[in-house]
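Subject: Structure handover

Hi,

Here is the structure I promised to pass on to you. Have a look at it first, and my notes follow below.

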Amino acid sequence: MSSEKDGRSDDPDVCDSSIYADDSSENYDNDVIIAYGLLSEADEVRYYTEMGMSLQYTGQTQIIDGRSCWIFALGTEHDDQFVREFYYGVCDNLIYSYDAVNDTWNVLGAG
């Protein structure tokens, strides 16, 4: 199998969840890689990635419940555009999901 750098491999039953650095030599912080791994193992996120969605680090952090969290987006690829559909914050082994209706961050799976 060879990676397509888009969350897919040559085998349609395998999802490539690797994080790739741009050709600009952008280095991903180890903590972001760990957060990405933690988030990609969450049942909700795994469900959506198995349905074809992709998980991306936004390059942003945000204070949630007094903690600095890395912000990730889960979305779909359309032509040359990534459409963000869900947001997650990861910090201190906690995963938060963003509720856009109520403008709140909630612990994933707690409600």
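A disulfide here is a pair of cysteine sulfur atoms within 2.5 Å. By that criterion the structure holds one disulfide. Cys-69 and Cys-91 form it, with their sulfur atoms 2.1 Å apart. Cys-69 belongs to strand β2 and Cys-91 to strand β3 (residues 81-91), so the bond ties together parts that are 22 residues apart in sequence. Helices (H or I, at least four residues) and strands (E, at least two) are DSSP runs, numbered from the N terminus. Both cysteines are buried: Cys-69 has a relative accessible area of 0%, and Cys-91 has 1%. For accessibility, buried means under 20% relative accessible area, exposed over 50%, and partly exposed in between (1.4 Å probe, protein chains only).

Before going further, a word on the source. This is a predicted model, in which local features need pLDDT of at least 70 and side-chain atom pairs count only at pLDDT 80 or more, while totals for chains, interfaces and linings use all residues. Residues are numbered from 1 along each chain as its sequence is written, and side-chain values use heavy atoms, with hydrogens and water left out.

Now the sheet. Five strands form an open sheet in the order β1-β2-β3-β4-β5, with antiparallel pairing; two strands pair if DSSP finds at least two bridges between them. The edges are β1 and β5 (104-107), each of which pairs on one side only. From one strand to the next, the twist averages 35 degrees. Angles run from 0 to 180 degrees between N-to-C directions, and axes are lines fitted to C-alpha atoms, for helices over the stretch in contact. Between β4 and β5 there are four bridges, and Val-107 in β5 is the bridge partner of Tyr-96.

Helix α1 packs on this sheet, touching β1, β2, β3 and β4, and its direction makes about 60 degrees with that of β2. Contact means heavy atoms within 4.5 Å. Which residues of α1 (residues 30-40) are buried? They are Val-32, Ala-35, Tyr-36 and Leu-39. These four cover an arc of only 105 degrees around the axis, which puts them on the same side of α1; the arc is that of the directions from the helix axis to the C-beta atoms. Asn-30 and Ile-34, on the other side of α1, are exposed. The buried residues of α1 pack against α2 (43-50), β1, β2, β3 and β4 (94-99).

The structure holds five aromatic pairs. Rings of Phe, Tyr and Trp (its six-membered ring) pair if their centres lie within 6.5 Å; planes under 30 degrees apart count as stacked, over 60 as edge-to-face and the rest as tilted. In one of the pairs, Tyr-57 and Phe-72 have ring centres 5.3 Å apart and planes at 55 degrees, so the pair is tilted. Tyr-57 is partly exposed at 23% relative accessibility, whereas Phe-72 is buried at 0%.

Tyr-98 and Trp-105 make another tilted pair, with centres 5.1 Å apart and planes at 50 degrees. Tyr-98 is partly exposed at 30%, and Trp-105 is buried at 17%.

Ring pairs also link Tyr-36, Tyr-57 and Phe-72 into a cluster. Tyr-57 and Tyr-36 are 21 residues apart in sequence and 7.6 Å apart in space, C-alpha to C-alpha.

Best wishes
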